[in-house]
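Reader: I am new to this structure. Please show me how to read its features, one by one.

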Amino acid sequence: MKLPTINEVPLRGKRVLLRLDTDLPVEGGKIVDEYRLKAGLPTLNFLQEQKAEIIILGHRGHKEENKKDLSLKPIADALSELVNHEIPVIDEWLDGGFEDRKIVMLENLRLNKNEQENNPKFAKKLAQLGEVYINESFADSHREHASIVGLPRLLPHAAGFHLIEEVVHLGRVLNNPVRPVVIIVGGAKEEKAQYIPAFENSADWILVGGLLPRVVSSSSKVKVAQLTPSGRDITEESAKEFAAVARSAGTIAWNGPMGEYEKEEYRAGTETVARALSKSNAYKVVGGGDTVAALTTLKILSTIEWVSTGGGAMLEFLANGDLPGLKALRN
């Protein structure tokens, strides 16, 4: 998949709208995990080298909730420390201008319902703030929102460094992969089940754990785990079966833990499968916040070839081989 790169658009001295992944877990006003934020640093640094004025776009949350609770200020504060440069959050950003600074962050886009509705007038107002658009938010590129698919229609545009890496690494699961290809799906979100039929087109095995066994049935390619009596983990027998499949795989993609790994008593299924992955010679990619957190807890993350910033975006890409945000960049 050929995406326009930031080397192919004029950037020097331009005002750039940079879409970052800012939907990060915050506790006590501080970011819990900066991995997704750090993924955008190479692109941000490159734009600074080009003497560009950078306007960061992002969101937190999914609904029009209390603005104070969903402010991007904790994100801007963390990013300021990473780049050693104060990044103010501009609040009433559609009602006026802002000071001439090198980097600013617009307040949570999803506080305006027009963002999720991809309202053309809203996208045009955003576009008027900049001269070039860069998408560096793979995790949001499965959303048909104004800042993802609306802006590329209105401005010269390109993909950020990390977004391109995501497409390359996840593409290895779909394009001439080393077989057998194993996709492991777990977690608590039952909507993940919708992707399983599409996975059967590319994978040799789909292993299903977490809460999904309640809504998914086994088939010739789909192995559905048995749950423990509590329903909060997969059984030891299922975990061992999954581990055996993982050890024999040539390519593995994993999204979603096998149980409530946060509690030690329900961690066994996730740990058994994770240990098998760590010893496998397969090409391994993982994604989703809970999966990354689980492998971090188990000190296994360093054995994974690619850690995606996307959860739902990763699953949709593996199911369809494309995303609305990627199509918008190509078109």
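Author: We will go through the sheet, the cores, the cavity and a pocket.

Author: This is a predicted model: local features need pLDDT of at least 70, side-chain atom pairs count only at pLDDT 80 or more, and totals for chains, interfaces and linings use all residues. Residues are numbered from 1 along each chain as its sequence is written, and side-chain values use heavy atoms, with hydrogens and water left out.

Reader: In what order do the strands of the open sheet of six strands lie?

Author: Strands are DSSP runs of E, at least two residues, and helices are runs of H or I, at least four residues, both numbered from the N terminus. Two strands pair if DSSP finds at least two bridges between them. Here the order is 11-10-9-12-13-14, and the pairing is parallel.

Reader: Which strands stand at the edges?

Author: Strand 11 (222-224) and strand 14 (306-307) do. Each has a single partner strand, so one side of each is left without a neighbour in the sheet.

Reader: How many bridges join strand 9 to strand 12?

Author: Five bridges link residues 181-185 of strand 9 with residues 251-255 of strand 12. Take Val-182: its bridge partner in strand 12 is Ile-252.

Reader: Which residues touch the most other members in the largest nonpolar core?

Author: First, the general idea. In soluble globular proteins, nonpolar side chains tend to be buried together. A nonpolar core is a set of buried Ala, Val, Leu, Ile, Met, Phe, Trp, Tyr and Cys residues joined through side-chain atoms within 4.5 Å. Buried means under 20% relative accessible area (1.4 Å probe, protein chains only). Here the largest core has 54 residues, and Leu-17, Phe-199, Ile-206, Val-208, Val-216 and Val-285 touch the most other members. Helix 12 (residues 312-320) gives the most to this core, with six residues. Apart from it lies another core, of 28 residues, among them Val-9 and Leu-20.

Reader: Which residues line the largest cavity?

Author: On a 1 Å grid over the protein atoms alone, a cavity is a set of points where a 1.4 Å probe fits but cannot get out; a pocket is an open set with protein on both sides within 12 Å along at least five of seven lines; lining residues have an atom within 4 Å of a point. The lining here is Asp-21, Arg-36, Ala-39, Glu-136, Ser-137, Phe-138, His-162 and Thr-309.

Reader: Which helix gives the most to the lining of the second largest pocket?

Author: Helix 7 (residues 161-174), with five residues. Met-1 and Phe-317 are also among the lining residues.

Key: Buried < 20%, exposed > 50% of the residue type's maximum accessible area, 1.4 Å probe, protein only.
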